[in-house]
Amino acid sequence: MDAVLETRSLCKSFGALTVAQNIDFRLRPGERHALIGPNGAGKTTFVNMLMGALRPSSGRILLGGDDVTRAPQAQRVKRGLGRTFQINSLFRNLPVLDNVALAVAERRRIALRMWRAAGSYKEIIEESTQLLATLGLAGDLTTPIVDLPYGKQRLVEIAIALGLRPRVLLLDEPAAGVPSAEAERILQLLEKLPPEIAILIIEHDMDLVFRFARRITVLVQGEVLLEGTPQEVARDRRVHDVYLGEQHHG
Amino acid sequence: MMHGGGYTVDARIRWPEWLPWIAALAGFFLLPEYLSLGARILIYILFALSLDLILGYAGIITLGHSAFFGLGAYVAGIVSAKLGITDAFVQMAAAAAAAGLLGALTGAVILRTRALTLLMLTLAITSIILEIANKATWLTGGADGLSGVVVAPILGAFRFDLFGRTAFLYCLAVLFLGWLLARRLIYSPFGAMLTGIRENTQRMHAIGAPVYWRLVGVYTLSAVMAGVAGALLTQTNQFVGLNVLGFEPSGELLVMLILGGVGRLYGAFIGPVAYLIAQDLLAKQFPEYWYLGIGLLLVAVVLFARGGILGLIDKWMPFSKPAASAKASAR
Amino acid sequence: MILYVISVGLSVTMGLMGFINLAHGVFAMAGGYVFATALGRFGVPFPLALVLAFVSVALASVVLERLLYSRLYGAGELAQVLFTIGLIFVAAAVARMIYGTLAPPVFLPEYMKGEVDIAGRGFPTYRVFLIVFSAALIAALWFGVERTRWGAMVRAAVDNRGMAQSVGIDTRQLFTLTFALGSGLAGLGGALGADIIPVQWSYPFEHLVYFLIVVAVGGLGSLRGPFVAALLIGIADTACKYWIPELGAFLIYAATIAILLWRPQGLFGARA
C-alpha cells in the first residue's frame, strides 16, 4: 500500500552539527508507528521537519504522495497532518473548550468570520465538546488551562490535534512527565483512536511503545539504525547497545 | 470587565457597555464649552481602539501606529484642500483606503520580523512619512501645516458650526460604528483566532493557521480604522499639522491605551478620556509636572498594574469575572 | 562619532541584557547636563568634567538598574518599552524643571576653540579632538572586550547566560557593571557632543530614533556593528543633507528599513 507520509533521504544540519542524515521513512495509512532513540537522536527535529516548522537541508517530504518539502505548515495541516508537542504548547489563558474550538474552527474554515459571535457557532462548540468528552474532559470545558492539572493538560494537547481530524497524527511524547497511572490512561485513549488515522509516536516508555506500535523506527544520531516490528527491534543487539541500555531517561 | 471574546463567552452587550455613550451624550448637553476637547477625545478613542486590535488582541507591538493616523489625516486634508472635494464621506473613504493600502503594504513587509526589529521598522515607517509630509510642502504645507480644509454639511444638512456641536456628534457617530465593528470582530471567530496568535503562535501554526497572512489582515483593518480617526481629526480641526506623525503621537497613544488597559476594548475608552482631560487641565499650566506625572504613572503601571485602570477595577470589584481572558494582555 | 559613543553603550545594554532600553538618550542627556554645568557654573577643568559626566551617569544608572530595571529583565517587550518611555518622560520633566527649556551654554576651554592645521586646511580643534578621542575610546573598548577577562565574561554571558552562571560568573553583578558602563558611555557621549548637539529637555525624544537605528542596523551585542552603522549613518546623513537637502532624513529611514529587511538581526548581530 502507498505511504501516506514519506521522507526521502531527509537531511538537516545546523552548522557542523548534523541532526538528520538521509532519513528514509514511510508511514502507511492507519499504521501505528513508533520513533525511538536516545536523547538527542533528532526525533523532535524530525517531527518539526515533517510539520514544516523546520526546513530540511536536503531531501524530500511527501504527504499523500505530494511533495510538501517547501510547503508552509498551514498547507500541510489542511492536507491532514496534525501534531502534539513534547512540551505543552497550549493557549494557557484560554478555557479548555477554546483551545480545541480554535483548531476545529480552522479545519471548518470559519476562523476568518468577523461578524457573528464565536459563541453562536453551535456546530464548533458541539464538536469540540464531544471531542473533549471522549477524552474525559467534559467537566473542564470552561477551566482555563493554567488552572488545569498537568495530566489533563497533556490530554488537551492531544485533543487540539484531534480537532483537526488528521489523517496523520504525530505524537511527540504524549505521556512526557506524566505519572505511570495517568500514562496508562493516555495509552488507552490512544488505542481507541479511529483506526484510519496513521500515528507516528515518539516515546521513551518502552512498555508503552511495544504495546502500541506495530512498527518501530530506531533513530540514533540523526540516522535510522533499524526499522522493523517490535519483535525484530527487541531482538536486535545494536538497539540494546545504543538504546535499551539507557532507557530510564523518559 | 474583561473583553476577551472566544467560544465560551456571552457576546451580548451588557448594560455597563452603554455607559460611555450615555456619558458622551450627557457631556454634549451639559458641557457645551468643552465640545472641541470632547471631539478630540472621541477621535483618540477610535485611534486607541485600532491600536488595541493589533496590540491587545493580536499582540503586535508597534511604535509607528501614527503612520496610519497621520496618513489618513493628510489624505482627507489634501482631498479637500487640493482637490476641492468637500463631501465628508468621500474624504473619509479616501483616508481609509490610503491608510489601508499602507497598512497592507507595510504589514506584508514588516510582519515577518519580530521584537526589536519590528519595533524599529514601524518607527522608521512613521518617521519616513513624517519626513515626506515635512518636505513635500507643495502638497502638505510642510511645517506650516495644511490649512484650507473645507467640509461640506454632512448629509447635506448638518453644517460644521463654530461651537463644534456637529463635529462632536459626527465623531460620536463614527466612533459608535467603529466600536460596533471592533466589538463584533473581537467576539467573532476571527477575534478568537487573533487571541490564539497572541497566546501561542507556535500552536496556531500547528493547527493550520497561516499566521503571517492573518496578522497582515488585522494590521490592515487596524490601519483603516486609524486612518478614519485621522480623517476625523482633519475634518473637525479643518487643519493638519506635522504633529500627527512620527514617534510622539504613537508613543502618546500607546500611553493612553496602557493607562486604560490593553486587550479590554474599553481600555481604549478610559485611557484617552483620562489622559486628554488630565492633559487639558494640567499640561498648559504645568508642563513639567504633566510629563513627570505621566512618566511616573507609566512606570508605576508597568511595575504594579499591568492591566491599567480597567485592570485595577477588575481587581477591586471581583464580581462579573469571566472564566478566562486578558491575563496575558500586557505581555 | 558622538552617535557611536552613545550608541555603543546602548548596544551593550540592549545586546547583552536583551533589554529594550528606549531611555538610553536620558543618560546621554544627563551626561550633557552634568558636563555643561560643571564647566559653566563651577569652572571645573574640561578633562575632569568629562570624567565627571561619565562617572556620575554610571553611578546613577547603577541605582536605577538595581531598583527598577532589574525587575523587568524577564518581562515582555511591551513592558520594557513602556517602562523606558515612562523614564524618558520623567527625565525630560526633571530636566525641564532644573534647566528650563533652553540648552545650557557649553564653555569650552580656549585650547579647544581654535583651528588646527592638517594638510594645509584648517579644522576646528574641538572636532579633531572628538574624532581622536572617540577613536581612542573605540580602541580601548575593543581591547576591553576582546582581550580582557571582563570582556570574555561579557561575551560568555551574551552567548549563554545559563552556562556563564553555572561556571561561576556572577551575571547579576556583571549586568549591573555592564549597564553602568553602557550608560556611562552614553553620558560621556552626551557630554562630548554637548557643543554640537544642544542638550535640551527634549533630547531623549529627539534623538531616540537615531540611537535605535544605529543599534538595530548595527546589530545587538556587537561593538563593531554600531560603530560601522554610526559611521555609515553619520556620513550618509551629512552627505544627504549637503547634496540633496530636499530629501532630508528620508534616505536614512529608507536605508534602515532596507537593511533590516535584508538582515533582520542587523549587519553584525548574532543570529537570532
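Predicted model: local features only at pLDDT ≥ 70, side-chain atom pairs only at ≥ 80, totals over all residues.
**Sheets of chain A**

One open sheet of chain A is built from 4 strands in the order β2-β1-β4-β5, and its pairing is antiparallel. The edge strands of this sheet are β2 (17–27) and β5 (66–67) of chain A, each of which pairs on one side only. Helix α1 (residues 43–51) of chain A packs on this sheet, where it touches β1, β2 and β4 (58–63) of chain A, and the direction of the helix makes about 120 degrees with that of β1(A). Strand β1 (residues 5–14) of chain A is joined to β2(A) by 7 bridges, with the two strands running antiparallel. One of the residues of this pairing is A:Phe14, whose bridge partner in β2(A) is A:Leu17.

Another open sheet of chain A holds 6 strands in the order β6-β7-β8-β3-β9-β10, and here the pairing is mixed. Its edge strands are β6 (81–83) and β10 of chain A, and each of these pairs on one side only. From one strand to the next, the twist averages 20 degrees. Within this sheet, strand β3 (residues 32–36) and strand β8 (residues 198–202) of chain A run parallel and are joined by 4 bridges, and A:Ala34 has A:Ile201 as its bridge partner in β8(A). Strand β9 (residues 215–220) and strand β10 (residues 223–228) of chain A, by contrast, pair in the antiparallel sense over 5 bridges, with A:Thr217 standing opposite A:Glu227 in β10(A). These two strands, β9(A) and β10(A), form a hairpin with 2 residues between them, and A:Gln221 in the turn has a positive phi of about 45 degrees.

| Strand pair | Sense | Bridges |
|---|---|---|
| β1(A) and β2(A) | antiparallel | 7 bridges |
| β3(A) and β8(A) | parallel | 4 bridges |
| β9(A) and β10(A) | antiparallel | 5 bridges |

**Cysteines**

Over all chains the count comes to 0 disulfides, where a pair of cysteine sulfur atoms would have to lie within 2.5 Å to be counted. With the limit for a buried residue set at under 20% relative accessible area, A:Cys11 counts as buried because its relative accessibility is 16%. B:Cys171 likewise counts as buried, because its relative accessibility is 0%.

**A helix of chain B**

Helix α5 (residues 115–135) of chain B has 21 residues and reaches 30 Å from its first C-alpha to its last, which is close to the 30 Å expected at 1.5 Å a residue. This helix, α5(B), is mostly covered, with 16 of its 21 residues buried.

Chain C contains 12 helices and 2 strands, and from the N terminus on its elements run α-α-α-α-β-β-α-α-α-α-α-α-α-α. Of the 272 residues in chain C, 53% are buried. Among the contacts in chain C with a separation of 6 or more, 72% come from residues 24 or more positions apart. The chain exposes about 11900 Å², of which carbon and sulfur atoms supply 66%.

Chain A and chain C do not touch, and their nearest C-alpha atoms are 12 Å apart.

Notes: Residues numbered from 1 in each chain as written. Chains lettered and ligands numbered in written order. Heavy atoms only, no water. Buried < 20%, exposed > 50% of the residue type's maximum accessible area, 1.4 Å probe, protein only. Pairing = 2+ DSSP bridges. Contact = heavy atoms within 4.5 Å. Axes fitted to C-alpha atoms, helices over the stretch in contact; angles between N-to-C directions. Areas by Shrake-Rupley, 256 points an atom, 1.4 Å probe, with all protein chains shown as cover. Expected span 1.5 Å × (residues − 1).
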